[in-house]
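Have the sequence and the 3D view open side by side as you read.

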Amino acid sequence: MFNPRFLVISLGNPLPKYPSLHSAGHFSLNGLVKALKQPGFREMKIGKQTCLVSQGPKYTLVQSPTLMNVSGPFVAKAWQEMVKQHDASSTSLVIIHDELERAFGDVRLTPWDRSHRGHNGLKSVKKSISQNKFPESPFARIAIGIGRPEERDAATVSKYVLDPISVNQRRVLEEVVPLDVAKRLVELEDEWKEEIET
């Protein structure tokens with residue numbers, strides 16, 4: 001019987017200290033709890049670190065507690081803990097992250113092996129965990145578009161992603177985007193089920 005579980009980890013800099021577009025993953029995860037009718041977040045130890053976790057029968061939602069650029073080791077440890085508790089063949093890892101190349105609020109299911117495009121959080125994750133070791137587990141990414149400034153130099157882009165977000169941006173990320181993230185999770189489950197059945 002197909003009974004999938006999902007470990008969904010958002011990347012970003014820790015909230016509430018860094019309320020920027022770079023933490024779009026965390027903001028959308030906040031709203032995903034409601035969209036999926038999950039239990040509220042509580043502090044738990046995962047991967048030897050205290051972090052915010054919402055644990056439901058199908059989805060375990062986790063806000064990475066580390067700075068964005070060093071997310072990888074935490075994600076790897078959290079995943080290892082998950083597959084010790086549940087069979088890897090029925091468990092999927094999903095990373096939610098910000099995406100400069102997409103319009104603000106655009107939500108896309110993205111193949112795990114697609115280029116990180118210079119995203120240091122994804123770079124760190126890919127360096128720390130390999131899907132090749134878990135071929136039966138679907139690894140996927142959900143990219144949250146944050147738009148990008150017209151100027152493409154590193155300093156302008158860095159300021160754009162790290163400046164505090166507006167009240168309206170936060171509302172979209174926490175109230176509108178999570179509904180699309182929930183749809184992408186259903187798409188991922190449907191694709192997985194189809195693969196198993198064919």
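## A walk from one serine to the cores

Apart from neighbours within four places in sequence, S23 is in contact with L11, G12, N13, L15 and Y18. Please keep in mind that this is a predicted model. S23 sits in the loop that runs between β1 (5-10) and α1 (24-35). Is S23 buried or exposed? Its relative accessibility is 0%, so S23 counts as buried.

The largest nonpolar core has 28 residues, and the members with the most contacts inside it are V8, L32, I144, V181 and L185. At least two residues of this core come from each of β1, α1, β4 (59-63), β5 (91-99), β7 (139-145) and α5 (167-197). The largest share belongs to α5, with eight residues. If you click on L185, you will find it in contact with V8, L32, L36, Y59, V94 and I142, leaving aside neighbours within four places in sequence. There is also a second, separate core of 24 residues, and I46, M68, I129 and F139 are among them. As background, nonpolar side chains tend to be buried together in soluble globular proteins.

| Core | Residues in core | Members include |
|---|---|---|
| Largest | 28 residues | V8, L32, I144, V181, L185 |
| Second, separate | 24 residues | I46, M68, I129, F139 |

Now follow α5 itself. Even so, α5 has a kink of about 45° at V177, shortly before the proline P178. Both V177 and P178 are buried, and the buried residues of α5 also include V172, L173, V181, A182, R184, L185, L188, E189 and W192. Among the elements that cover the buried residues of α5 are β1, α1, β4, β5, β6 (107-111) and β7.

Finally, take a look at a hairpin. Strands β2 (residues 42-46) and β3 (residues 49-55) pair in the antiparallel sense over five bridges. R42 has V53 in β3 as its bridge partner. Two residues lie between the strands of this hairpin, where G47 takes a positive phi near 55°.

How values were computed
Residues numbered from 1 in each chain as written. Predicted model: local features only at pLDDT ≥ 70, side-chain atom pairs only at ≥ 80, totals over all residues. Heavy atoms only, no water. Helix = DSSP H or I, 4+ residues; strand = E, 2+ residues; numbered from the N terminus. Buried < 20%, exposed > 50% of the residue type's maximum accessible area, 1.4 Å probe, protein only. Contact = heavy atoms within 4.5 Å. Core = buried A, V, L, I, M, F, W, Y, C linked by side-chain atoms within 4.5 Å. Pairing = 2+ DSSP bridges. Bend = angle between axes of the 7 residues up to and from the residue.
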